[in-house]
Amino acid sequence: QVQLVESGGGLVQAGGSLRLSCAASGRTFINYAIGWFRQAPGKERELVAAIRWSTGSTTYADSVKGRFTISRDNPKNLVSLQMNSLKPEDTATYYCATRLLGESEFSSWGQGTQVTVSS
């Protein structure tokens, strides 16, 4: 059974940085993509960034390109999201999730970590 545990959220001023981590366990992820999503109150959940475990190829939402970087640490089964130049509109609960390659949906989710950016 896949388990995902996020950490690293907190309160930061606009322009600051945070690094989120997602510790993944329960299986090997060679055939998976790992995504970071966020959801703010009253808004739809959105995919922020994703990485294909086997190749390291990445994709980003337009709203975070150039500011956020997703990476993975294979030996530690860890996926990180480095967030720089944070804006108040980045305030949300951030979740990591897994998607088996070939499937359309992310099926396993962590509990989330809160990121609050003050202006």
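Arg38 counts as buried, with a relative accessibility of 6%. Here buried means under 20% relative accessible area, exposed means over 50%, and partly exposed is in between, using a 1.4 Å probe and protein chains only. Before going on, note that this is a predicted model, so local features need pLDDT of at least 70 and side-chain atom pairs count only at pLDDT 80 or more, while totals for chains, interfaces and linings use all residues. Residues are numbered from 1 along each chain as its sequence is written, and side-chain values use heavy atoms, with hydrogens and water left out.

**Salt bridges**

What does Arg38 pair with in a salt bridge at 2.6 Å? The partner is Glu46, with 2.6 Å between the closest N and O atoms. A salt bridge here is a side-chain nitrogen of Lys or Arg within 4 Å of a carboxyl oxygen of Asp or Glu. Glu46 is partly exposed, at 30% relative accessibility. Arg38 also meets Asp90 in a salt bridge, 2.9 Å from N to O. Asp90 sits in the loop between E8 and E9 while Arg38 is in strand E4, so this pair ties together parts 52 residues apart in sequence. Both Asp90 and Arg38 are buried. Helices and strands are DSSP runs numbered from the N terminus: H or I over at least four residues for helices, E over at least two for strands.

Arg38, Glu46, Arg67 and Asp90 are linked in a network of salt bridges. The whole structure has 4 salt bridges, including these:

| Pair | N to O distance |
|---|---|
| Glu46 and Arg38 | 2.6 Å |
| Asp90 and Arg38 | 2.9 Å |
| Asp62 and Lys65 | 3.2 Å |

**The four-stranded sheet**

Now for the strands. Strands of a sheet pair through backbone hydrogen bonds, either parallel or antiparallel. In this model, 4 strands make an open sheet in the order E1-E3-E8-E7, with antiparallel pairing. Two strands count as paired if DSSP finds at least two bridges between them. Strand E1 (3-7) and strand E7 (68-73) are the edge strands, each pairing on one side only. From one strand to the next, the twist averages 15°; axes are lines fitted to C-alpha atoms, for helices over the stretch in contact, and angles run from 0 to 180 degrees between N-to-C directions.

Walking across the sheet, E1 and E3 run antiparallel and are joined by 5 bridges, with Leu4 opposite Ala24 in E3. Next, strand E3 (residues 18-25) is joined to strand E8 (residues 78-83) by 6 bridges, again antiparallel. Leu18 has Met83 in E8 as its bridge partner, and Cys22 has Val79 in E8. E8 and E7 then pair in the antiparallel sense over 6 bridges, with Ser71 standing opposite Ser80 in E8. The hairpin of E7 and E8 has 4 residues between the strands, and Asn77 there takes a positive phi near 50°.

**The disulfide**

A search of the whole structure turns up 1 disulfide, meaning a pair of cysteine sulfur atoms within 2.5 Å. The disulfide joins Cys22 to Cys96, with 2.1 Å from S to S. The pair links distant parts of the chain, since Cys22 is in strand E3 and Cys96 in strand E9 (residues 92-100), 74 residues apart. The link is right-handed, with 65° about the S-S bond. Cys22 is buried at 1% relative accessible area, and Cys96 is buried at 0% relative accessibility.

**The core**

In soluble globular proteins, nonpolar side chains tend to be buried together. The largest nonpolar core in this model has 29 residues, and those with the most contacts inside it are Trp36, Phe68, Val79, Leu81, Met83 and Tyr94. A nonpolar core is a set of buried Ala, Val, Leu, Ile, Met, Phe, Trp, Tyr and Cys residues joined through side-chain atoms within 4.5 Å. E3 gives the largest share of this core, 4 residues.

Not counting residues up to four places away in sequence, Met83 touches Gly16, Ser17, Leu18, Leu20, Arg67, Phe68, Tyr94 and Val115, where contact means heavy atoms within 4.5 Å.

Thr98 lies in strand E9. Is Thr98 buried or exposed? Thr98 counts as buried, at 0% relative accessibility. Leaving aside neighbours within four places in sequence, its contacts include Leu4, Phe29, Tyr32 and Phe106.
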